[in-house]
Amino acid sequence: AAVALKCTVFRYSIILNYMVQASSLFFLFPLFFKGFGVATGYLITVGDCMVDACHQILSAAGDDDGGELNFVERLVLSRRFWVTAAVFGVLPLSFHTTLDSLKHTSALALVFVFFTVLGIVAYYLGLVDPCEGRTYFLW
């Protein structure tokens, strides 16, 4: 009876092991699609915002004379350039094999959060005004 019980438990463990492996695809596919959607959203955001930011920087520097843009200005104002740069910038960070190696990525994220907070505080205190010298149109 003990041998039959061991055989039955062994069979159940094989069947359960197979079922867990087969059902893991039901959990992995939604995670993959969610990650793909989030990454696509970030790439769209980078492509939109960096072009606008560079356009503002170039126009504030006085380079917006309405003439023909040189190669560097066309490159910096290209959405494809910023999306490609973001992909190649984030791609090496995406293939870390251990969680311990993500501490560098977390440190970089904290630096960006600190920079953002510093910019907000500087704007609040009146040290920096990105709209200074702009003409506002009231409709």
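Modeller: C49 counts as partly exposed, at 45% relative accessibility, whereas C54, at 10%, counts as buried. Here buried means under 20% relative accessible area, exposed over 50% and partly exposed in between, with a 1.4 Å probe and protein chains only. The model is predicted, so local features need pLDDT of at least 70 and side-chain atom pairs pLDDT 80 or more, while totals for chains, interfaces and linings use all residues. Residues are numbered from 1 along each chain as its sequence is written, and side-chain values use heavy atoms, without hydrogens and water. The structure holds zero disulfides, a disulfide being a pair of cysteine sulfur atoms within 2.5 Å.

The aromatic rings come next. A search of the whole structure finds three aromatic pairs (rings of Phe, Tyr and Trp, the last by its six-membered ring, with centres within 6.5 Å; planes under 30 degrees apart are stacked, over 60 edge-to-face, the rest tilted). The rings of F32 and F33 have centres 5.3 Å apart and planes at 65°, so this pair is edge-to-face. For F32 and F36 the centres are 6.5 Å apart and the planes at 25°, so that pair is stacked. F32 and F36 both lie in helix α1 (residues 2-60), four residues apart, about one turn of the helix; helices are DSSP runs of H or I with at least four residues, numbered from the N terminus. Ring pairs link F32, F33 and F36 into a cluster. F33 is exposed, at 52% relative accessible area, and F36 is exposed at 53%.

A pocket is an open set of points on a 1 Å grid over the protein atoms alone where a 1.4 Å probe fits, with protein on both sides within 12 Å along at least five of seven lines; lining residues have an atom within 4 Å of a point. The volume of the largest pocket is about 560 Å³, that is, the space filled by probe spheres set on points joined across faces, edges and corners. Of its 18 lining residues, the closest to the centre are A39, Y42, L43, A86 and V90. Both α1 and α3 (79-90) supply at least two lining residues. The lining divides into 14 nonpolar, four polar and no charged residues (nonpolar: Ala, Val, Leu, Ile, Met, Phe, Trp, Tyr, Cys and Pro; charged: Asp, Glu, Lys and Arg; polar: the others, Gly among them).
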